[in-house]
Amino acid sequence: ESFGLKQGHKTILQPTRIVRRKGIENAIDLVENLKDPHYKLLISHKAGDEGCEYAEWIKNYALKHGVDLRLAQKFISSPWLHQRHHLNGHSLWNVYAHADFVTFPSLYEGFGNAFLEAMYFKKPLLVNRYANFVNDIEPKGFDLVVMDGFLTPKTVARVRSILESSQQRQQMVEHNYRIAAKYYSFAVLRRMLNSLFTNFFGIDTT
């Protein structure tokens with residue numbers, strides 16, 4: 001048993017803080033519409049410094065809609081822990097390890113670290129088409145479940161299909177991992193930084 005979840009439970013992970021712009025009500029609506037009590041919604045981070053009013057609203061919203069909502073923060077001491085830092089045997093990385101599916105329905109973001117984390121841990125992902133995603137990420141060709149501001153029955157059906165098909169899920173996450181490695185790996189970052197240093201300072205860091 002981990003994060004209050006038991007064998008047979010399926011974990012839908014919302015890997016964000018509980019703040020309004022994360023659109024967590026969409027994740028709750030998704031779990032509700034999957035219509036299976038085995039699916040549990042796990043939120044990785046706490047409310048943070050933007051107040052608790054939305055967090056309380058989210059808890060009540062989940063209760064009203066019959067969604068079993070779990071808070072991973074009860075089991076980990078900081079949202080920014082690495083593998084070597086544990087509380088009760090859990091870290092942030094354990095949250096991803098236990099996820100069957102990841103939701104990222106943010107209304108707006110910068111880039112969105114949770115997106116790359118889902119790719120790294122090879123988890124299927126639902127993402128809302130926030131502006132930076134549309135401009136910078138979507139053209140790369142990731143295989144994602146995409147919503148455009150609101151959930152549709154078609155979106156829910158695709159999530160259900162992915163959750164119920166290990167083959168479809170495996171193909172999806174392997175494809176996404178390859179694309180993420182192509183565009184966002186440390187090797188790519190090193191090449192870009194080397195190019196910058198060479199162009200501006202005449203220094204080759206390779």
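Predicted model: local features only at pLDDT ≥ 70, side-chain atom pairs only at ≥ 80, totals over all residues.
Helix H2 spans residues 53–64, twelve residues in total. From the first C-alpha to the last it reaches 16 Å, close to the 16 Å expected at 1.5 Å a residue. Its buried residues are Tyr54, Ala55, Ile58, Tyr61 and Ala62. These residues lie on the same side of H2, because they cover an arc of only 120° around the axis. The face turned away from that buried side carries the exposed residues Glu53, Leu63 and Lys64. One of these exposed residues, then, is a leucine.

What lies over the buried side of H2? The cover of its buried residues includes helix H1 (24–34), strand E2 (39–43) and strand E3 (69–71). Just after H2, Gly66 takes a positive phi of about 70°.

In soluble globular proteins, nonpolar side chains tend to be buried together. Here the largest nonpolar core has 29 residues. Within this core, Ile12, Leu34, Leu41, Ile58 and Phe101 have the most contacts; Ile58 is also among the buried residues of H2. The elements that give two or more residues to the core are H1, E2, H2, strand E6 (145–147) and helix H6 (153–164). H1 supplies the largest share, six residues.

Leu41 gives a local view of the packing. Leaving out residues up to four places away in sequence, Leu41 touches Ile12, Gln14, Ala27, Ile28, Val31, Val67, Asp68, Leu69 and Arg70. Among these partners, Ile12 is another of the residues with the most contacts inside the largest core. Apart from that core lies another, of 21 residues, with Leu13, Leu42, Val95 and Ile137 among them.

Lys35 has a positive phi of about 55° although it is not a glycine. Is Lys35 buried or exposed? Lys35 is exposed, and its relative accessible area is 68%.

Lys122 likewise is not a glycine, yet has a positive phi of about 55°. The loop that holds Lys122 runs between helix H4 (113–120) and strand E5 (125–128). Lys122 counts as partly exposed, at 33% relative accessibility.

Technical notes. Residues numbered from 1 in each chain as written. Heavy atoms only, no water. Helix = DSSP H or I, 4+ residues; strand = E, 2+ residues; numbered from the N terminus. Expected span 1.5 Å × (residues − 1). Buried < 20%, exposed > 50% of the residue type's maximum accessible area, 1.4 Å probe, protein only. Arc of directions from axis to C-beta. Contact = heavy atoms within 4.5 Å. Core = buried A, V, L, I, M, F, W, Y, C linked by side-chain atoms within 4.5 Å.
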